[in-house]
Amino acid sequence: MNSRRWIPPIHVHPIVFFFLAVSILTGMLTELLIIFLIVLFHEMGHYLCARMFNWRIRRIYLWFLVGVMETEEYGTRPIWEEWLVTIAGPPFNTSLSF
């Protein structure tokens with residue numbers, strides 16, 4: 001990944017567009033967008049922590065209610081580093097409430 005990029009490539013699964021259409025038809029668009037943003041912020045917490053340790057990040061993949069950050073660092077980093085990246089998502093969500 002280019003070191004000058006501030007955000008990783010973010011890919012959205014096609015099923016999200018189906019749920020987007022359903023939410024528009026049922027009047028639940030605001031709720032869907034809130035959930036989608038919560039998942040995005042959660043994944044950005046993992047991403048920012050991984051960037052702090054100079055991890056190579058392939059992409060962030062967003063599904064409906066789920067996000068996945070794909071990296072090239074599978075078992076190549078110290079366990080404390082992997083642990084910090086793993087737990088970085090939930091605290092980032094709580095910072096949204098302040």
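**Chatting through a predicted fold**

Student: Hi! How many helices and strands are there in the protein?
Tutor: This predicted model has four helices and three strands.

Student: And what pattern does the protein follow along the sequence?
Tutor: Reading along the sequence, you get β-α-α-β-β-α-α. The C-alpha atoms fill a box of roughly 45 × 30 × 25 Å along the principal axes.

Student: Before I zoom in, what is the mean pLDDT?
Tutor: The mean is 87, with 91% of the residues at 70 or more.

Student: Where is confidence lowest, and where is it highest?
Tutor: Helix α4, residues 89–94, has the lowest confidence, with a mean of 82. The highest belongs to helix α1, residues 15–26, at 94.

Student: OK, helices now. At what angle do α2 and α3 pack?
Tutor: Helix α2 (residues 29–52) and helix α3 (residues 79–87) pack at about 150°, and their axes are 7 Å apart. Because angles over 145 degrees count as roughly antiparallel, α2 is roughly antiparallel to α3.

Student: Nice. Which residues make the contact?
Tutor: From α2 it's His 46, Cys 49 and Ala 50, and they meet Leu 84, Val 85 and Thr 86 of α3.

Student: Switching topic: how many salt bridges does the count come to?
Tutor: The count is six. One involves Arg 56 and Glu 72, whose closest N and O atoms are 3.0 Å apart.

Student: Where in the chain do Arg 56 and Glu 72 sit?
Tutor: Arg 56 is in the loop between α2 and β2 (57–62), while Glu 72 is in the loop between β3 (67–71) and α3. They are 16 residues apart, so the pair links distant parts of the chain.

Student: Last one: which residues form the nonpolar patch on the surface?
Tutor: That patch is formed by Trp 6, Ile 7, Ile 10, Val 12 and Phe 17, with about 550 Å² of accessible area together. Phe 17 lies in helix α1, the helix with the highest confidence.

How values were computed
Residues numbered from 1 in each chain as written. Predicted model: local features only at pLDDT ≥ 70, side-chain atom pairs only at ≥ 80, totals over all residues. Heavy atoms only, no water. pLDDT = per-residue confidence, 0-100. Helix = DSSP H or I, 4+ residues; strand = E, 2+ residues; numbered from the N terminus. Patch = residues over 30% accessible without salt bridge, like charges linked within 9 Å, V, L, I, M, F, W, Y side chains within 5 Å. Areas by Shrake-Rupley, 256 points an atom, 1.4 Å probe, with all protein chains shown as cover. Salt bridge = Lys/Arg side-chain N within 4 Å of Asp/Glu carboxyl O. Axes fitted to C-alpha atoms, helices over the stretch in contact; angles between N-to-C directions. Parallel < 35°, antiparallel > 145°, perpendicular 65-115°, else oblique. Contact = heavy atoms within 4.5 Å.
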